Amino acid sequence: MRSVSWISAVAAAIVLALGAGQAQAAQFELVILDDANEGLNDPESRSPVGGNSGTTLGEQRQIVLEAAAEAWAEVLDLSVDLLIGASFPELDCEETSGILGSAGPAAAVINFSGAPQADTLYTIAQANTITGQSSLDQGEVHIFTQYNAQLDEGSSGCLGGNTWYYGLDGNPPGGTIALFPVVLHELAHGLGFLTFVDLETGALAGPAGSDGFEDAYMQFLRDTEEDLDWTDMSDALRAESATNDPHVVWTGPIVDEQSSIVTSSDAFSDDRIRMHAPEELRLGSSISHWTPDAHPPLLMEPSLQAGVFNQLDLTPALFEDIGWPMSGGVIFRDRFEQ
Ligand SMILES: [Zn+2]
């Protein structure tokens, strides 16, 4: 069986001071990091497909990224423009497995005005949304994300010759992989669906020379076998817990309330939904995803599951748990029911 990996970059710089910025009509903005005629600027001619009106490869790629960002903009209560630095380089790809995309926050921020918890790391996208002010300097972005251009070459050595599907209609034909859900998934990592904990050592992240800080995500992790929250563990115990499937769970109340959409009992431990904590640590994958034992499949599982296209399922609930400003229950609960 083909396995398709999502990989998320977790590297984070720490920003301790907020610069001045001006709140405006808030939206996501795509910042293309590819060179001319490459990636998101690729001029190769294409026919419009599945509701995507682009007529070049680069345009079609841009339209998918913008549509996925728009889906998140409907759910989140944005107060400031969030900049997504995006590119389409050639990433690793083999016959039976390959990297579809990656993303991560450009920085983490603590102790900003209105921070839900003191001394706690938040993604710069969440922090700036809460303060209503961008803290970016010229040329900086909130989120970095990449998608694998190799998939458009149709080489059998890369995922058996599968190619990207750039349609927005949820009907990818056989032999294609829909880009839209991959972008939804990756942007969620950049927005805050990840921990900054060093999973190899269990150490908290922080500026050089500091003891490190808890992050908004790890504050809702618990090990049901140890009967301890991650915040109450030593570094060594946290590192052990990171590979302690099936005992690592999410404790946030909004996810708890909505987790009944998952009907597979082995996705739960002590009635809470499990996180991905395989015995062998997988950096960029372990802990920063739900368990792959969830059924129906969830957007934020470690691998792209058949049938996942535009549903956000439990991801907005997790964002609400970590204190993201949400645009109100109606929109995301409606989506959630779909
Ligand atoms: Zn992922």
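Let me start with the metal site: along the chain, the donors of the zinc ion are spaced as H-x3-H-x99-H. This is a predicted model, so please keep that in mind throughout.

Which atoms coordinate the zinc ion? They are NE2 of H185, NE2 of H189 and NE2 of H289, at 2.0 Å.

Now to the strands. Strand 3, residues 28-32, pairs with strand 4, residues 82-87, in the parallel sense, and the pairing runs over five bridges. As an example, E29 has L83 as its bridge partner in strand 4. Between strand 3 and strand 4 the chain passes through helix 1, and the β-α-β crossover made this way is left-handed.

Helix 1 covers residues 57-75, and R61 lies in it. How buried is R61? Its relative accessible area is 2%, and because the cut-off for buried is under 20%, R61 counts as buried.

What is R61 in contact with, once its neighbours within four places in sequence are set aside? The list is G39, L40, D42, F88, A149, D152 and Y166. Two of the entries, D42 and D152, are aspartates.

Notes: Residues are numbered from 1 along each chain as its sequence is written. This is a predicted model: local features need pLDDT of at least 70, side-chain atom pairs count only at pLDDT 80 or more; totals for chains, interfaces and linings use all residues. Side-chain values use heavy atoms; hydrogens and water are left out. Helices (H or I, at least four residues) and strands (E, at least two) are DSSP runs, numbered from the N terminus. Buried means under 20% relative accessible area, exposed over 50%, partly exposed in between (1.4 Å probe, protein chains only). Contact means heavy atoms within 4.5 Å. Two strands pair if DSSP finds at least two bridges between them. A crossover is right-handed if, with the strands pointing away from the viewer, the path from the first strand over the helix to the second runs clockwise. Donors are N, O and S atoms within 2.8 Å of the metal (3.2 Å for Na, K and Ca); water is not among the atoms, so sites may look incomplete.
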